[in-house]
Amino acid sequence: MKHVSFFVSLALSLAALPALADDIVLSGPPIWESAPLIELVQTQPVEGTRFIFKPWANPEQLRKMVMEDTPLLAVAPAPTAAIFSTSGIDLQLVSATVTEGSVSLVGKGDTISHLSDLKGQALALPFKGYLPDLMMRRIEQPGPTTWRPTYTGSLMAGMQLLLAGKVDTAMLAEPMATLALAKDKTLVRRADLCTLWRDATDLADCPPAGVVIANPAFGQKPEVRAAYRAAFARLADNPGLAAELLAQHFPEMAAASDGFGRIKAIDLPMPQHATVLRDFYGAILEVEPAAIGGRVPDQDFFGE
């Protein structure tokens, strides 16, 4: 009887222990949109869930993470998510993100209202055929006719060429735009990308260039979605705080606070805001169908 009593007591003790936490991997690159995910790791706000942040460095690495059995919530470029979906990779679209004020054309000279105002000038862009280039092509269809694109091959190189006087103007994301202005007082913000986009496309919304996706292993998890939106809202109220969070995984982002401080971040949960993202995809489709997989994704992609 003593042995029976011992095992009964042991069973009752084990039953009283808290359940082991379910791991959820959170992933993103060194941009503002990744900060709410790192905030979840800091606060661990969902009981029974352990959040782990693992950066991704390229779309292929992200694709492999989406296809793994570990639950994943990740920030992705909007076109990359569309290509994943149209190529048959199963994923859920949780939300899209607008970070208004995060991308500027910085250079010497007057402010501009249209890209044609850059007549005869060189504009540094990071990569040919990727999102910044596609947006510039859509803003000035059928593409640059009066100005010269200079593709640098990296995000940092545009700022370096601008400071060295090798280009007239550069498209710079924060915090690089603010850093360039601090280093050379003769530079100005010649245009805001959102303003140029709205004027050229007649779309009311700034480009939702980033999205948050989940893999099938993630399931629905409404409590995690709610926690993400709460973290996003906290940082949107004080966007400069994102720099400190990002610096834990990307040390170079420690100096981003001033630049991030001017961002107006907007969370667009799906499917309620599917139209905003669908319209953005439609605008990209006009200039480069292959960039989003040849077509706007089906309704299932948006959770409709």
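## Helix packing and burial: worked exercises

The axes of helix H2 (residues 35-43) and helix H9 (residues 222-237) come within 9 Å and cross at roughly 110°, where axes are lines fitted to C-alpha atoms, for helices over the stretch in contact, and angles run from 0 to 180 degrees between N-to-C directions. Helices (H or I, at least four residues) and strands (E, at least two) are DSSP runs, numbered from the N terminus. The model is a predicted one, in which local features need pLDDT of at least 70 and side-chain atom pairs count only at pLDDT 80 or more, while totals for chains, interfaces and linings use all residues. Residues are numbered from 1 along each chain as its sequence is written, and side-chain values use heavy atoms, with hydrogens and water left out.

### Exercise 1

Describe how H2 is oriented against H9, and list the residues that make the contact.

Step 1. The angle of roughly 110° makes H2 roughly perpendicular to H9, given that angles under 35 degrees count as roughly parallel, over 145 as roughly antiparallel, 65 to 115 as roughly perpendicular and the rest as oblique.

Step 2. The crossing of H2 and H9 is right-handed; a crossing is left-handed if the near helix is turned anticlockwise from the far one by less than a right angle, and right-handed if clockwise.

Step 3. With contact meaning heavy atoms within 4.5 Å, H2 contributes Ala 35, Pro 36, Leu 37, Glu 39, Leu 40 and Thr 43, and H9 contributes Ala 227, Tyr 228, Ala 231, Phe 232, Arg 234 and Leu 235.

Step 4. These residues of the contact of H2 with H9 divide into 9 nonpolar, 1 polar and 2 charged, where Ala, Val, Leu, Ile, Met, Phe, Trp, Tyr, Cys and Pro count as nonpolar, Asp, Glu, Lys and Arg as charged, and the others, Gly among them, as polar.

### Exercise 2

State which residues of H2 are buried and what covers them.

Step 1. Taking buried as under 20% relative accessible area, exposed as over 50% and partly exposed as in between (1.4 Å probe, protein chains only), the buried residues in H2 are Ala 35, Pro 36, Leu 37, Ile 38, Glu 39 and Leu 40.

Step 2. Their cover includes strand S1 (22-27), strand S2 (49-53), strand S3 (72-77), H9 and helix H10 (242-247).

Step 3. Just after H2, Gln 44 takes a positive phi of about 45°.

### Exercise 3

Describe the packing of helix H5 (residues 131-139) and helix H8 (residues 193-201).

Step 1. H5 and H8 pack at an angle of about 45°, with their axes 9 Å apart, and that makes H5 oblique to H8.

Step 2. H5 passes H8 in a left-handed crossing.

Step 3. The contact is formed by Met 135, Met 136, Arg 138 and Ile 139 of H5 together with Leu 193, Leu 196, Trp 197, Ala 200 and Thr 201 of H8, a set that divides into 7 nonpolar, 1 polar and 1 charged.

### Exercise 4

Decide whether Ala 265 and Thr 150 are buried or partly exposed.

Step 1. Ala 265, in strand S11 (residues 264-269), counts as buried because its relative accessibility is 12%.

Step 2. Leaving aside neighbours within four places in sequence, Ala 265 is in contact with Trp 32, Val 98, Thr 99, Phe 232 and Ala 236.

Step 3. Thr 150, in strand S7 (residues 148-151), counts as partly exposed because its relative accessibility is 27%.
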